[in-house]
Amino acid sequence: MSDGGARWAHLDGANWRQELAGGVRMELPILLGVVPFGLVYGVLGLQAGLPAWAVIAMSSLLFAGSSQVVFAQLWGAQVPVAVIGGTVGVVNLRHMLYSASVAQFLTGLPLRWKMLLAYLLTDEAYAAAIGRLMLGPVNPMRHWFLFGTGFTLWLGWQLSTVAGVLIGATIPSGWALDFSIALTFIALLVPALRRRSEFVAAAVAASVALLAQGMPHKLWIMAAALAGMLAGMACRRFDGSKHA
Amino acid sequence: MNDDLWLLLVIVACGLATFALRLSFIVGGAQFKPGRRMQTVLGYVPPAVLAALIAPEIFVRQGHIVFGLDNPRLLAGAVAVAVAFFTRSVLATITCGLLALWVVQRLF
């Protein structure tokens, strides 16, 4: 989303294949950060005491990386099931924000498309597609772009999870592969900061995320996200003449 | 109940809840037509959520917030931010960030 609408001009009047290819191309480099995270999750899941089938099945049934790590850790610690469910729900609450953000671009689609795209709506698929959806041409086939980012991420996540279960334990911990998820988010965040108010939103969200770490059930994620959004909104007038 | 079956049911329940969150506005949103103001707020979802997810990964080590230069992830994260800013390349950012972390870990 760095270069405004010009970056997406080639998708003006694109057919579904071009949109799909655009989404896949956008997501592929992100897999460099997601695959190591899948490996790490595979190892953590087994270490927490989950059977291999559950570690792998969770990647398609739940399909939300950080909440899968949380699930494995809480299950391993024999936390009551209601607490596990509640915590997973809160960790994934941010997906409602993604849902609200993309809904306006998917209004005319049949229900099966909406369900498919909702299932595939992850951090990395959303962040990779939202620039094209917000700034690119209004094209009846643009949902294929979101499908392209979502499905590419899904496939990479499934394969890396299986690999993590099979060979993950042979990876030295000194490689610090768990850092790859932070790096992936940095690679998605920095080019998306175009205006001062977006920078403020990010800074406030990061600060609140650190200050609110003590909140139960990982509520700090939503607290930080909402604080950042409100701060960005409040600082809009410092953005100069550009309006989005 | 069989332990494996119970585990599967809990995973499915968590999966359905997550799916419902993702589906909420996409389907319920037939009536959800965000006004101009709401659209502007939603425009801040990417920077706010991504920054919220990044900060603890970098600053929280073993349950404590570490701001000092003795935190290798802080230095590596700074390298990644700089690379992302100048190259806007996802591949370069992840590669340089990981390499930087490995170098810093060796040095200290």
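**Note on the predicted model, chains A and B**

1. Of the 108 residues in chain B, 39% count as buried.

2. Confidence. The predictor assigns the complex an ipTM of 0.91 and a pTM of 0.88. Chain B has a mean pLDDT of 91, with 95% of its residues at 70 or more. Within chain B, α4(B) has the highest confidence, at 96, while α2(B) has the lowest, at a mean of 87.

3. Secondary structure of chain B. The chain holds five helices and two strands. Their order along the sequence is α-α-α-β-β-α-α.

4. Overall dimensions of chain B. The C-alpha trace spans about 55 × 50 × 25 Å along its principal axes. Counting contacts in chain B between residues at least 6 apart in sequence, 33% join residues at least 24 apart.

5. Contact between the chains. Chain A puts 74 residues into the contact and chain B puts in 59. On the side of chain B that touches chain A, the elements giving two or more residues are α1 (3-28), α2 (36-42), α3 (45-59), α4 (72-87) and α5 (90-107) of chain B. The most comes from α1(B), with 18 residues. Sorted by class, this side of chain B has 44 nonpolar, ten polar and five charged residues.

6. Nonpolar core. Which residues have the most contacts inside the largest nonpolar core? They are A:Ala205, B:Ala48, B:Ala52 and B:Ile54, in a core of 107 residues. The element that gives the most to this core is α3(B), with ten residues. B:Ile54 shows how the chains meet: leaving aside neighbours within four places in sequence, B:Ile54 is in contact with A:Ala182, A:Phe185, A:Ile186, A:Leu189 and A:Ala206.

7. Helix α2 of chain A. This helix covers residues 31-47, 17 residues in number, and reaches 24 Å from its first C-alpha to its last, close to the 24 Å expected at 1.5 Å a residue. Helix α2(A) is mostly covered, with 13 of its 17 residues buried. Just after α2(A), A:Gly49 takes a positive phi of about 105°.

8. Most residues other than glycine have a negative phi, and two exceptions deserve a look. A:Lys218 is not a glycine, yet its phi is positive, at about 60°. A:Lys218 sits in the loop between α11 (196-211) and α12 (220-234) of chain A. Is A:Lys218 buried or exposed? A:Lys218 counts as buried because it has 22 C-beta neighbours inside 10 Å, where the cut-off is 20 or more.

9. B:Arg88, a residue other than glycine, has a positive phi near 55°. B:Arg88 lies in the loop between α4 and α5 of chain B. With 14 C-beta neighbours inside 10 Å, B:Arg88 counts as partly exposed, a class that falls between 12 or fewer for exposed and 20 or more for buried.

Terms used: Residues are numbered from 1 along each chain as its sequence is written. Chains are lettered from A and ligands numbered from 1 in the order in which they are written. This is a predicted model: local features need pLDDT of at least 70, side-chain atom pairs count only at pLDDT 80 or more; totals for chains, interfaces and linings use all residues. Two residues are in contact if their C-beta atoms, placed from the backbone, lie within 7 Å. Helices (H or I, at least four residues) and strands (E, at least two) are DSSP runs, numbered from the N terminus. Ala, Val, Leu, Ile, Met, Phe, Trp, Tyr, Cys and Pro count as nonpolar, Asp, Glu, Lys and Arg as charged, and the others, Gly among them, as polar. A nonpolar core is a set of buried Ala, Val, Leu, Ile, Met, Phe, Trp, Tyr and Cys residues joined through C-beta atoms within 7 Å. The expected span of a helix is 1.5 Å times one less than its number of residues. pLDDT is the predictor's confidence in each residue, from 0 to 100.
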